[in-house]
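Before reading on, please take a moment to turn the model and look along the chain from one end to the other. The paragraphs below then lead you through it step by step.

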Amino acid sequence: MDERSATDISLHEPGSALPGEKGLNGKTFFVKTFGCQMNVHDSERMSGLLTGSGAVPVGDPAEADIILVNTCTIRDKADQKALSDLGRIRMVRKDGPENILAVTGCMAQREGEEIFRLVPDVDLILGPSQIRNLIPLIETVSSGNSRVNGTLLPNPEMTTPPALRPKGATAFVTVQEGCDKACAYCVVPSTRGAERSRPVREIVREIEMLVQSGYSEVTLLGQNVNGYGKKGDADGAVFSDLLSEVNAVAGLKRIRFTTSHPVDMSQELLEVMANCSRVMPHLHLPVQSGSDAVLARMQRGYTIGQYRTWVSRLREMLPGFSLTTDLIVGFCGETEEEFSRTLDAVEEFQFEGAFSFIYSPRPSTPAFSWGELPPREVSVERLERLQKLVESQSARRNEAQIGKTVEILVEKWDPETRMVIGRTPQFQNVRGVLPLSSADPSLGDLVTVRIEIASKTGLKGACTGRA
Ligand code: SAH
Ligand code: SF4
Ligand code: F3S
């Protein structure tokens, strides 16, 4: 075990940039990512730090000197996936003491030292709040410390290491990190630390640079993105102010944001969404359950009546807007009656899409010891009923799109099949076939597609023109 305490490791000052030296020149690295969009972007940020230090990315872990497995721990299944991947990677990784296997992300933060026991050849563990220290920590491992636990470092304030993003039309931008809520089932507050927001001008500067590098759409990321700045840590700006500023960035075509929390909704946000043409008419607003009693046990901080008020205002102020959500079934003590309120909520709110999960008890969360779980087969059956309902609603809505013309931002283009792939403003997946007579599109172009076929996963049709 590493003898040095984590505080011996020289840290970068909050807000500092990359280490200037190219200490990893000639090294190769591979990153595997699990979990949410926030984690995908964390991998982009770690890749940015590694390339900034001279390392080059490779697509095969067997060829990499440095391997990062960026984990998620939201449900037990996420842990299992990461551990089985680590098992596979161990078998193929290069031999030699100079090579590094790092486990980063939320599972690393939650498990801490236990990771070294579970996967003995791990050299470094690092939580999501210490990304800025990735390079000094790698250097510490390289200089002879066999195992380094970076998860013990204090949670630093928000920083913005440069990210290595895939080339394309759309880019993630972190605007807020951490979570101050205390949902009884959720590990995120303990893995990502306290909520903190980036200054508006830094975000705007990053987006201007993204536009200059050819990106057309940004997705602003935060665990409670619409609670941005409410602690006064963004020079007094709140989320609606941030959205208006981003809406003014010249050349940017589309703005999305995720994830919003019902408690942090505001009239100002609705107004900005209604008035800013680049802000897309889609809101991901997790409701989790349709039962007030379950919501109270979950410590979500709102009732279905309050959720309903926001949805009614949204539908009134933003005609054609789409609403998606997250749902949990089988939470502690959930009765059939309580579950049926969730089915009612799905019928009532007509979600355009929903991610639904069986509750997974997580160590170190308040609900972990509560027990009273419905029998597994009951939860499985509830999840199936719920998913069937959500799917039948989206199938019906998708069918109603046949014959209509929608506008999509080109995210992928396959010249062989002349197929463009993108999303509508409402976030529906669309595939469109471009006629031979049309010039090839570029990623980030807006094209119109006349919908001919609808399935539960998306829409397909023929491109009819450029916007
Ligand atoms: N910050 C966001 C999303 C966080 S995690 C929010 O508050 O909505 C994404 C989703 O995972 C959650 O919305 C929830 O539906 C689900 N989730 C979180 N913890 C879970 C658990 N222990 N078991 C099952 N689902 C969980
Ligand atoms: Fe988890 Fe709740 Fe925070 Fe979302 S708001 S990250 S569900 S604690
Ligand atoms: Fe995301 Fe998973 Fe962490 S959902 S915040 S990577 S636990």
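What pLDDT does the protein average, and what percentage of the residues score at least 70? This is a predicted model, and the protein averages a pLDDT of 91, with 94% of the residues scoring at least 70. Where pLDDT is low, the predicted coordinates should not be read in detail.

S43 has its place in helix 1, which covers residues 37-52, and S43 is buried, because its relative accessible area is 6% and buried means under 20%. If residues up to four places away in sequence are not counted, S43 touches V31, T33 and N70. Further along, S129 lies in the loop between strand 5 (124-126) and helix 5 (134-142), and S129 too is buried, with a relative accessible area of 5%. The C-alpha atom of S129 is separated by 7.2 Å from that of G193, although these two residues are 64 residues apart along the chain.

The next stop is a ligand. Which residues are around ligand 2? They are C179, K181, C183, Y185, C186, V188, P189, Q223, N224, H261 and R300.

N247 counts as buried, because its relative accessibility is 15% and the cut-off for buried is under 20%. Leaving aside neighbours within four places in sequence, N247 is in contact with I255, C276, S277, R278 and V279.

Most residues other than glycine have a negative phi, and most peptide bonds are trans. Is the peptide bond from T258 to T259 cis or trans? The bond is cis, with omega near 5°, and T259 lies in the loop between strand 11 (254-258) and helix 9 (267-275). S364, a residue other than glycine, has a positive phi, near 70°, and is found in the loop between strand 14 (353-358) and helix 13. With a relative accessible area of 57%, S364 is exposed. F427 is another residue other than glycine with a positive phi, here near 85°, and its place is in the loop between strand 16 (419-423) and strand 17 (429-433). With a relative accessible area of 31%, F427 is partly exposed.

Now consider how two helices are placed against each other. Two packed helices are described by the angle between their axes and the distance between the axes. The axes of helix 12 (residues 336-349) and helix 13 (residues 376-399) come within 10 Å and cross at roughly 10°. Helix 12 is therefore roughly parallel to helix 13, because angles under 35 degrees count as roughly parallel. In this contact, E336, F339, T342, L343, V346 and E347 of helix 12 meet R382, R385, L386, L389, V390 and Q393 of helix 13. The residues of the contact of helix 12 with helix 13 divide into six nonpolar, two polar and four charged.

Two further residues complete the picture of this part of the chain. F349 is found in helix 12 and is buried, with a relative accessible area of 3%. Not counting residues up to four places away in sequence, F349 touches I304, Y307, R308, V311, R315 and L323. By contrast, F349 and K94 are 52 Å apart in space, C-alpha to C-alpha, and 255 residues apart in sequence. G330, in turn, is found in the loop between strand 13 (322-329) and helix 12, where G330 is buried, with a relative accessible area of 3%. With residues up to four places away in sequence again not counted, G330 touches Y359, L373, P374 and S379. From C-alpha to C-alpha, G330 and V380 are 8.4 Å apart in space, while in sequence they are 50 residues apart.

Key:
Residues numbered from 1 in each chain as written. Chains lettered and ligands numbered in written order. Predicted model: local features only at pLDDT ≥ 70, side-chain atom pairs only at ≥ 80, totals over all residues. Heavy atoms only, no water. Near = heavy atom within 4 Å. Axes fitted to C-alpha atoms, helices over the stretch in contact; angles between N-to-C directions. Helix = DSSP H or I, 4+ residues; strand = E, 2+ residues; numbered from the N terminus. Parallel < 35°, antiparallel > 145°, perpendicular 65-115°, else oblique. Contact = heavy atoms within 4.5 Å. Nonpolar A, V, L, I, M, F, W, Y, C, P; charged D, E, K, R; others polar. pLDDT = per-residue confidence, 0-100. Buried < 20%, exposed > 50% of the residue type's maximum accessible area, 1.4 Å probe, protein only.
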